[in-house]
Amino acid sequence: MMKLEDVEGVTVVRMAHGKVNALDLELCQAITATFRDLATEAHRGIVLTGDGSAFSAGVDLWRIVEGGPDYVDAFIPALVDAFTSVLTCEKPVVAAVNGHAIAGGCVLTSCCDHRIMTTGRGGIGIPELVVGVPFPAAAFGIMAHAVGPQRARQMALSGKVYSPAEALELGVVDELAEPETVLSYAVSHAARLATTIPQDTFRLHKAHVRGLTPAPDYDAEVTRIWRERAADGWIADYMARATKRR
């Protein structure tokens, strides 16, 4: 269900669940468990992608119909947990959007720190309104953070599925790449984030940008890291490189 591979020191996480990696209870639980495990491992960067021709086509609606109320009661919290596990991962997480990223698949993409989508076949959007179901509150917050409140509103209320070029213009994704290079680009970006930025600095910036760190705690941690960077040579090395470039 989740395939893990080390590529250049980056852990590539592939969702491998059916033809289109539809989000059901089991896949959501597997995503959550995988990212919780990765948070404690030694690697420094993560790429999230889908096996086959889709990133994720969203919630498995047939399971919703077949499972009924009891399944829904278990599924919605598991879906939110899956989103949260990716969103709050302290390490750099880059999405290699290798195909369709629909509804929950789009939200999962938006949980990542950087999003690279294939120029090949694939659409991305949040058509829940057309399906007739509302988003969990966490999903709305994730989309608003990813593209801004106005565009999140437009996406949610139109239910439109966007082409890769449209998604880039909207800011739903950050870059486009050819189908054969989207994964390698994602790995390179994750490796760059992991090796050129101190881990604690990236963690703190990410948490604050996501709105996960209270201001007093943030400022205290900022002071601690500035003191550490002054002592460990990182700032001095940066200044030496910057001065040399001039």
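1. Salt bridges. The count comes to 13 salt bridges, a salt bridge being a side-chain nitrogen of Lys or Arg within 4 Å of a carboxyl oxygen of Asp or Glu. The model is predicted: local features need pLDDT of at least 70, side-chain atom pairs count only at pLDDT 80 or more, and totals for chains, interfaces and linings use all residues. Residues are numbered from 1 along each chain as its sequence is written, and side-chain values use heavy atoms, with hydrogens and water left out.

2. Asp51 and Lys3. These two residues form a salt bridge in which the closest N and O atoms are 2.9 Å apart. The pair links distant parts of the chain, 48 residues apart: Lys3 belongs to strand β1 (residues 2–7), and Asp51 to the loop between β3 (45–50) and β4 (54–56). Helices (H or I, at least four residues) and strands (E, at least two) are DSSP runs, numbered from the N terminus. Asp51 is partly exposed at 24% relative accessibility, as is Lys3 at 44%; buried means under 20% relative accessible area, exposed over 50%, and partly exposed in between (1.4 Å probe, protein chains only).

3. Asp200 and Arg224. The closest N and O atoms of this salt bridge are 3.5 Å apart. Asp200 lies in helix α9 (residues 199–209) and Arg224 in helix α10 (residues 215–232), so the pair ties together parts that are 24 residues apart in sequence. Asp200 is buried, with 13% relative accessibility, whereas Arg224 is partly exposed at 31%.

4. Arg224 and Glu228. Arg224 also meets Glu228 in a salt bridge, at 2.8 Å from N to O. Both residues lie in helix α10, four residues apart, about one turn of the helix. Glu228 is partly exposed, with 34% relative accessibility. A network of salt bridges links Asp200, Arg203, Glu221, Arg224, Glu228, Arg229 and Asp232.

5. Aromatic pairs. The structure holds two aromatic pairs. The ring centres of Tyr71 and Phe75 are 5.8 Å apart and the planes lie at 10°, so this pair is stacked. Rings of Phe, Tyr and Trp (its six-membered ring) pair if their centres lie within 6.5 Å; planes under 30 degrees apart count as stacked, over 60 as edge-to-face and the rest as tilted. Tyr71 and Phe75 are both in helix α2 (residues 61–87), four residues apart. Tyr71 is buried at 9% relative accessible area, and Phe75 is buried at 2%.

6. Phe135 and Phe140. This aromatic pair is edge-to-face, with 5.2 Å centre to centre and 80° between the planes. Phe135 is buried, at 12% relative accessible area, while Phe140 is partly exposed, at 41%.
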